[in-house]
Amino acid sequence: MLARYGLGLAVVASASWGQVKLPPYTREVLPNGAVVYLMTRPGVSLVGFRILVRGGQESDPPDRGGLASVTAQLLRKGSSRRTADQFSDELDFLGGTFQTDLGFGPSSATTISGEFLKKDFDRGLDLIADAVLHPAFPDAEVQKLVAQRVDAAKSIKDNPNAAINSYFQSFFFGSWHPYGHPPDEVTLARIKRQDVVDYHQRVYCGRNLVVIASGDFDPSAAEPKIRDAFGAAPAGTAFAWPAQAQLKSGGQLLLVDKPDATQTYFYIGQPGIDRKNPDRVTLQLVNTLFGGRFTSMLNDELRISSGLTYGAGCQLQQPRLPGGIVITTFTKTETTAKAVDMALDVLKRLGEKGISSEQLASAKAYVKGTYPTQRLETSDQLAVVLGELELYGLGKDEVDDLFSRIDAVTLEQANAAARKYYRAENLTFVLLGNASKIREAAARYAPQVREVSINQAGWSAMQN
Amino acid sequence: MRLPVTGLCFCALLIAQPADVRTATLANGMKVLVQEDHNIPNVAMYFFFRIGSRNEHPGTTGLSHFFEHMMFNGAKKYGPKEFDNQMEKNGGNNNAYTTADTTVYTDWFPRSALELMMDMESDRIRDLSFDPKIIESERGVVYSERRTSVDNNNFGVLYEQLHASAFIAHPYHWPVIGWPSDIESWTMDDLKAHFRMGYAPNNCVMVVVGDVSTAETLDLARKYLEPVARQEPPPPVRTTEPAQLGERRVEVRKAAQLPIEMVAYHTPESRHSDDAPLDVLETALVHGQASRLYRRLVDKDQFALSVNAFRQNSLDPGLLVFNLQPRAGVEPARAEKALFEELERVGKEPLPDQELRKAKNQLLADHYRALKTIAGRANLLGVYEVYYGDYKKLYAVEAAIEAVTAADVQRVARQYLSEKNRTVATLIPETKESR
C-alpha cells in the first residue's frame, strides 16, 4: 500500500465551531505521591492503562543512552510472580497489548501502556502493575534484550529516513544535553543488569508515577483497585530534572556518508520552544503554514510546485526543555543543493514577508478542524493528553481554552513570532547521502563541517 | 457467540451493527454507505475505486498510483492546488492510498465542510485536468516516493523482488508504485485512458462515517455525485497465476547492516472460505511474544531480531509473507531452517485448544480496536464491500473467526505452507569485497 504522502504533521474547524472540552475525569494523589487519573468513556468496551514514569530520556546516563527504554522493555520479562513466558501467555490470551517506547525522541517520561477488554479490567491491571512495580530483571533476559537492542540500533541505519532523526538529535543538542544522546549500539552495549536494577529502584517510585485509566469501566470499582496496586510502591525520591542545558551553537553541518544512497535526506534546525512557552499556540499556527500541512510553504515549494521531493515539512518540537524547529525533507542526489537552497529560501521569505491574514485564518481553521480526530476521539488519545498535562504541569485549559486562544492570535503576533523564531542564520544541518557527490555542495552551508560514515558506530558524537 | 475457554462474550463490543449503516445506489451506479457517529464533530469520507496496479500492463505499471497523486492537481471548477487549499482552510485534511486492487481517497473534515467536499470530489471525478507541466512535476514526486520507499529502503527493495518472483504471469508481479522506466515514460494518452476507465462512479464505493445526518448526506450525494456519467468499467483481468511448480529463490545484494529474509506462500483471495483459518494461523504464528515464531526465532534460538507476517486483502489469489531480520552474525539459512521447522510443525499437529483460543482472542480484540475511530470504520466498511463483496461481512467477522477449528488451521497450514508453493527472497549485506 502506498500513501499519497508521509508527513506525520497535522493539526483544525470553521469559525462556527464552539470550544472543544476535555471529557470529565478525576485526579487523585496517593499517599506515596503517585498521581491517578480516571476517565470513563463508555461506548467501546475496552479499557486502557497508561503509566508514565518521570525521567524518560532525560534520566538516561549520557554513556548509557537507552537505559530508561531498556528498563521499560524488560518489565515484562519476569517478575516476582511470573516468568517472561507466563506474562506473554496471559497477555496474549486476553488479546491485550503492552507497549513501551524505545527512548529515541526527546522525552521526559517512560511510557508504558496496555489495552484490554472491559471484562478483563482486573487481570489487565494486575499484569501491568506486576510488571511496572515488581520486575525481577533476570540476567539472561537483560543480556538477551541488550544484544537485540544493539542489533536494532545498527539496523536503523538501513533506513535513512529513520536514522537521520537520531543523527540530528545527537548533533543538534550535543552530547552533554539531556536530549543529545539517543541510544546507539555503543551506549546500549554498556548496559548491565545492575544498571537496570538500580535505575528501576531509583526512578520507579510513587513520586514519579502517573497512572491513567481511560475507557469503559466503573470508576468507583476501579479506584480502590488502582490505589491498592500503585499505592503500594515506595514513595522514593522525585526525579531531579536536569537544569536548562545550553544548546550547541549553530553554523555547523554533519555529513553522514552512505555511499549507496541515491537520495539525500536533510534536516535543518534552529532553537525553538519548550512545552510551556507562552508563544506556543501562535507558533503552532505559524508552523502549520510554514511546514505543518500539505499546502505548507515548504511542501508547496519543494513538492507541489517543483517535484523535487515526496514531502517537505517542519517539526515544531515542544519537549520539557526547549526543542528544535526543524525542516525535514529529501531529494535525489543530483538536486541536493537545489533543494537545500530552496528550503532556505522559503525560510528566509517567511521572516521577511511574513504571512497574510487569509493564511492565518486558514491555519486557524485547519488546527481546530483536525484537533478532535487527533487528540480527543479515542480513550487512548485522551490518556495521552492527560499524561501531558500532568507531566508538563499544564492545566486543563490547555484543551478547554485552546480554540479561544487560537481565535485570539492576531496577525501582528503571528508575524512577530515568525520573525523571532524562524531565522535563516546560525542553522544546524544534517545531510545523509552519498558524500562523494554532495560534499562540495554541503560545505557551502556552514563554516564547520563534520563527516561520519554510516558504518561508524553511534551517531554524531565522538565515542567515549 | 460463546468463547468456549473463557466463557465470555465479545458481542457487547460491537460499536455499531449493520443496521446502523444506510446504503444507497445512485442512478449512475455509485454505491454509498453512511454511518452516523456523533462522538466528535468530524467526518471521514472514503472513496474506493476498483482500480489498481492489477489493471495495468507492462509499460504503464504504476499508473494507478500516479493517478492517486494526479487527482489532487486540479479539475474544472477547482483548479490546481485548490482541492487542498479549500479543504485545509475549511479545517480538513486528506490522504490517499493505492493497492494492487484499489485506489482509495480518504477525506477527514469538520461536519461543516460536507457539502464543499462533495462538490470538490464530484468535480475531480468528472472533470480532472491534464496539464503537461503538472504531470512532469508530479512524475518527480512519484519517483522521489519510489526512491524513499523502495530504492533506499532495504525492506522495500526485497519485497518488490519477492513479488516479482512469486508471480510470473498475474499483474501482482509488478510493484504498485511501478517500475522506474515506466514512471519515466507514461504518456498523456495513457493517463487519459486510465482515468476514463477507472474513475467512474459505477466503479466506486463511497463511505461516509461521522457527525452527519444520513438523509442530508444522501441528498448531497444525489446532488453532486449522481450527475457524473458512468463509464465502461475496466476489462476483467484475464490472467490467472499458474500453480507454482517448485520453490523459487531470489537474492538481493545491497549495502546493509543486517540481512533480511522474506518467505512467501501463495494463498487465496480475500473472499475465499480459507480467509479466516489463515488469519488464525498467521496470528498463532507471529502475533505477540507468546506466538510460535517469536518464541522460537527471537526468544529461544535468538536467530532473528524480529519476525512478522502479513497477507494483504486481494481480489485475486495473493501471498502470505513471512518477514524476518536475522541477527548480526546469524546466517539467514539458519534462521530460515528454524522457520521452516515451525511451519511444518503447525501442519503436523493441530493447535492445542488454549493456543487456538488465544489466537482468536487476539484477532477479535484487534478487530474491535480497528473500529474505534471514524476513519478506521470508514476504511473497513469499504474494504469489506470491495474485497469481501458486502460491507455486512464486517459484522460477521466474529462469527467467521469463532467457526475456525484446530483442524481447519492444520489443513490450511498443510495446504499452503508447502515447499513447492514458496518463494524465498534474501537480502545479503554487500561488503566492499563482494562488490
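A residue is buried if 20 or more other C-beta atoms lie within 10 Å of its own, exposed if 12 or fewer, and partly exposed in between, with C-beta atoms placed from the backbone. I start my notebook with that one.

**Ground rules.** I'm looking at a predicted model, where local features need pLDDT of at least 70, side-chain atom pairs count only at pLDDT 80 or more, and totals for chains, interfaces and linings use all residues. Residues are numbered from 1 along each chain as its sequence is written, while chains are lettered from A and ligands numbered from 1 in the order in which they are written.

**Confidence.** I noted ipTM 0.93 and pTM 0.94 for the model. I then checked pLDDT, the predictor's confidence in each residue, from 0 to 100. Chain B has a mean of 94, with 95% of its residues at 70 or more. Residues 1-15 of chain B stay under 50. Where pLDDT is low, the predicted coordinates should not be read in detail.

**A:Ala233.** I looked up where this residue sits: the loop between helix H8 (219-231) and strand E8 (252-257) of chain A. Helices (H or I, at least four residues) and strands (E, at least two) are DSSP runs, numbered from the N terminus. A:Ala233 counts as buried because it has 22 C-beta neighbours inside 10 Å. For contacts, I use C-beta atoms, placed from the backbone, within 7 Å. Beyond four places in sequence, A:Ala233 touches A:Asn32, A:Ala34, A:Leu133, A:Cys205, A:Gly206 and A:Leu209. I also found A:Val132 at 9.8 Å, C-alpha to C-alpha, though 101 residues separate it from A:Ala233 in sequence.

**Domains of chain A.** The assignment (bounds come from an automatic or database domain assignment) gives domain 1 (26-231) and domain 2 (252-453). Their C-alpha centres lie 29 Å apart. Each side of the contact is listed with 25 residues. Which element gives the most to the domain 1 side? I found helix H5 of chain A, with eight residues. That side divides into 17 nonpolar, five polar and three charged residues. My classes: Ala, Val, Leu, Ile, Met, Phe, Trp, Tyr, Cys and Pro are nonpolar, Asp, Glu, Lys and Arg charged, and the others, Gly among them, polar.

**Helix H2 of chain A.** In residues 84-93, I see A:Ala84, A:Phe87, A:Ser88, A:Leu91, A:Asp92 and A:Phe93 buried. These pack against strand E5 (97-100), helix H3 (121-133) and helix H4 (139-155) of chain A, together with H12 of chain B. Just after this helix, A:Gly95 takes a positive phi of about 70 degrees.

**Where the chains meet.** I have 67 residues of chain B in contact with 62 residues of chain A. Helix H4 of chain B supplies the largest share of its side, 11 residues. The chain B side splits into 24 nonpolar, 29 polar and 14 charged residues.

**Chain B overall.** I recorded 15 helices and 11 strands. Chain B is as compact as a globular protein of its length, because its radius of gyration is 23 Å, close to the 22 Å that the globule rule gives for 435 residues. That radius is taken over C-alpha atoms, and the rule is 2.2 Å times the number of residues to the power 0.38. Of the 435 residues, 52% count as buried.

Definitions and conventions:
Contact = placed C-beta atoms within 7 Å.
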